[in-house]
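Let's take a walk through this structure together.

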Amino acid sequence: MDALELSRLQFALTTSLHFLFVVLTLGLAPLVAIMQTRAHFGREPVLERMTRFWGQIYVINYALGIFTGLVMEFQFGMNWSGLSHFAGEVFGAPLALETLVAFFLESTFLGLWIFGWNRIPRGLHLTLIWLVTLTAYASAFWIMVANSFLQNPVGSVLAGDRLKLVDFGALLTNPNLGMALGHVIGASMWAASFVIIGVSAYHFLRRTPDPEFFVRSTRLAATVAILGGGVVVGFGYAQFGVVGGTQPGKFDTVGDHLSLMMALGNLLALVSTFVLPFMLFGRWYARRRLFLRFLILLVPLPFAASILGWLVREIGRQPWLVYGRLTVADAVSPGVTREMVLVSLVGFTAVLGLLALIDWFLIMRAVRRGPGDVALGAPPPAEADRRAPALTF
Amino acid sequence: MDVVWPSLFGLLLAGYFALEGFDIGVGLLLPVLARTPERRDRLIAAVGPFLLANEIWLVALAGVFVGVFPVLEGEVLSGLYPAFVALLLSWVVRDAGFWFRLREKSPAWRRTWEAAVVAGSAGLTLSWGFILSGAIGGGLLTGVAYGAALAALFAAHGTGFAARRLPAPGGGPDPLAGAVARRAALPAVLLTAVAAVPVVLAHPGAWPAAVLAVAAALLATRSFPATALAAAAPALATFGALLPYLLAHTASASTLGAMSLVALPLLPFMAAAQWWVWRAFRTPVARSFF
């Protein structure tokens, strides 16, 4: 493989890994925010415990989203300097805005939320998780603005050998943006809710003596999964018309990925439509072991479908990096050799791959420990001593 | 000529070094400052709540780089390829140390991730040495000199911060961290002076920036704002040396105007969010997540 192929592989691996974590982050953030809101106003202890348990899984998962995201951000300039040279004036603006006004705020608010338990006043602490959610979706919006420009380079004209931005509004109203963003949001709602349903099923199987906690979690997640199903399927089909207009023939080259994604999507849609509505009522499923095992098996599917969806979108763009304007081959950094890309590919894949495995291990450990042993938001040591049962004899 | 966006770029660059400088300094000196697990917990908890709010300055800097200097961004990142690979790997390893260390209780697990914090912090320092010197055309030796100067400046900055965050039992700053902070100051000045030489040789017009950087390093024994300025001095000197070149390569007015429209109204919120971090964590947290 030459520098071009290796650079493509590097970007595909980093992006896929990134999205596996980000799709869960995007889905869990509003769910945790809803839990904390209900805990705040309802004052039920179980909702406070739900916020901390699912919040901790959200936070552990978040770490790898950052790690892979850092590498991705720099990869544009390192491996694809032809892109910033040719289209940086257009593509760079949404990227800059994503980091500056969305992720900068998100990261700052997240730090305040994680370390601010039992320190920042409750109402402000609740506001923080909503600000984290809002800025996370603002991030997704700007990234999709940048990505949609690659699919359909609106708002720009060729001046010499470079693109110039002439209509910023056209970037924000790109027909390839809205439907795809909605599709991603639906996918993340599915990812997060099937994780919560699967983890709860695991605890029902283990007979963890906390059924109220997992019934409440399942009910909320099932509601979101049912809604998410409508969102992901609706925006998915809506994209066919748009893509047919802007990138004709796109789906001919990615038929296999597309069919597999739609097969997974249809299975999840069947479950969301015909099974999950019954889980909104009662706790009849808590002892149905075969059914619980089936729910656990569903957990990886939204993630697999999400990756396939990205492959459809990005492989279907080939051989273009900026559709119809700049090929991938012309965008690769001229001064970067095959050996340089190979060494960095091995380094990034080994380090990020290992950290991803460790992160999933830690998520599973946090799941297994259950709601009784959560570090996030644990009361300070002195207060914990006071709350502990008095063993005075 | 637009001055708002290049200024914002400079501000993000200086802010990153002033803020991450103390995280990295504490990470570098973790084995010296903390010999017991309890003390390592306290030391990492002293910087932990700031980590996300500090490192984000570099994410924003890189984003603004591509938006404001689109052509240079690709040239610099691909031109200094090995240094940026090292920077990213070190950054990820250092952050993994912070995020993962307290997730398991075994001492071996915690020692492993403490080693990741130390190794990652050292790698970050050296990578920045090569990037800042490489940006002005420096070679291997210049990179090492820059890296050594940064290490001393970060050490002075981080230990000074830690000394004030870890009060001694009888009151006053932590004696060990305080002593290390005092001892790091002289090497910081000398090494910064050494690293300034190639800057002036490569860019004779940049001598005021180099002189100011060395002068700033003299502040490395003082209060937090002074050590913060000292930690940012080498980056600001490189920025100063390259400023005429940077200004000649900004994006078109249409790009910068669009970015201004969205970003400038939100700058006060970003400043407020950062201020909130410093206000909320002005005293150490009782139970840290990192």
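**Pockets, interface and cavities**

The residues that line the second largest pocket divide into 22 nonpolar, 5 polar and 16 charged; here Ala, Val, Leu, Ile, Met, Phe, Trp, Tyr, Cys and Pro count as nonpolar, Asp, Glu, Lys and Arg as charged, and the others, Gly among them, as polar. This is a predicted model, in which local features need pLDDT of at least 70 and side-chain atom pairs count only at pLDDT 80 or more, while totals for chains, interfaces and linings use all residues. Residues are numbered from 1 along each chain as its sequence is written, chains are lettered from A and ligands numbered from 1 in the order in which they are written, and side-chain values use heavy atoms, with hydrogens and water left out.

Let's stay with that second largest pocket for a moment. About 940 Å³ of space lies in it, and its lining is made of 43 residues. A pocket, on a 1 Å grid over the protein atoms alone, is an open set of points with protein on both sides within 12 Å along at least five of seven lines; a cavity is a set of points where a 1.4 Å probe fits but cannot get out, and lining residues have an atom within 4 Å of a point. Grid points are joined across faces, edges and corners, and a volume is the space filled by probe spheres set on the points. To find the centre of the second largest pocket, look for Ala375(A), Ala378(A), Arg287(B), Ser288(B) and Phe289(B), the lining residues that lie nearest to it. Two or more lining residues come from each of α2, α3, α13 (338–369) and α14 (381–387) of chain A, and from α3 (37–68) of chain B. Helices (H or I, at least four residues) and strands (E, at least two) are DSSP runs, numbered from the N terminus.

Now move to the largest pocket, with about 1,300 Å³ of space. Its 46 lining residues include Phe11(A), Thr15(A), His18(A), Met72(A) and Ile143(A), which lie nearest its centre. In chain A, α1 (3–42), α2 (45–79), α3 (81–115), α4 (122–151) and α11 (300–315) each give two or more residues to this lining. The biggest contributor is α1(A), with 11 residues. By class, the lining has 30 nonpolar, 10 polar and 6 charged residues.

Where do the two chains meet? In contact (heavy atoms within 4.5 Å) are 73 residues of chain A and 69 residues of chain B. Together the chains bury about 6,000 Å², 79% of it on carbon and sulfur atoms; buried area is the accessible area (1.4 Å probe) that two parts lose on being put together, summed over both. On the chain A side, Phe74(A), Phe104(A) and Phe115(A) lose the most area to chain B, together 13% of what that side buries.

Which charged pairs span this interface? The rule finds 3 salt bridges across it, each a side-chain nitrogen of Lys or Arg within 4 Å of a carboxyl oxygen of Asp or Glu. One salt bridge joins Arg365(A) to Glu104(B), with the closest N and O atoms 2.5 Å apart. The largest share, 24 residues, comes from α3(A). By class, that side divides into 47 nonpolar, 17 polar and 9 charged residues.

Next, look inside the protein, where the count comes to 3 cavities of 30 Å³ or more. The largest cavity has a volume of about 570 Å³. It is lined by 28 residues, with His183(A), Gly236(A), Gln239(A), Met261(A) and Gly309(A) closest to its centre. Its lining takes two or more residues from each of α6 (175–205), α7 (211–246), α8 (250–253), α9 (255–274) and α11 of chain A.

The second largest cavity holds about 60 Å³ of space. Among its lining residues are Tyr146(B), Thr192(B) and Pro234(B). The largest share of this lining, 4 residues, comes from α8(B).

Most residues other than glycine have a negative phi, and most peptide bonds are trans. Arg43(A), in the loop between α1 and α2 of chain A, has a positive phi of about 60°. A cis peptide bond, with omega about 0°, joins Gln318(A) and Pro319(A), and Pro319(A) lies in the loop between α11 and β3 (320–322) of chain A.
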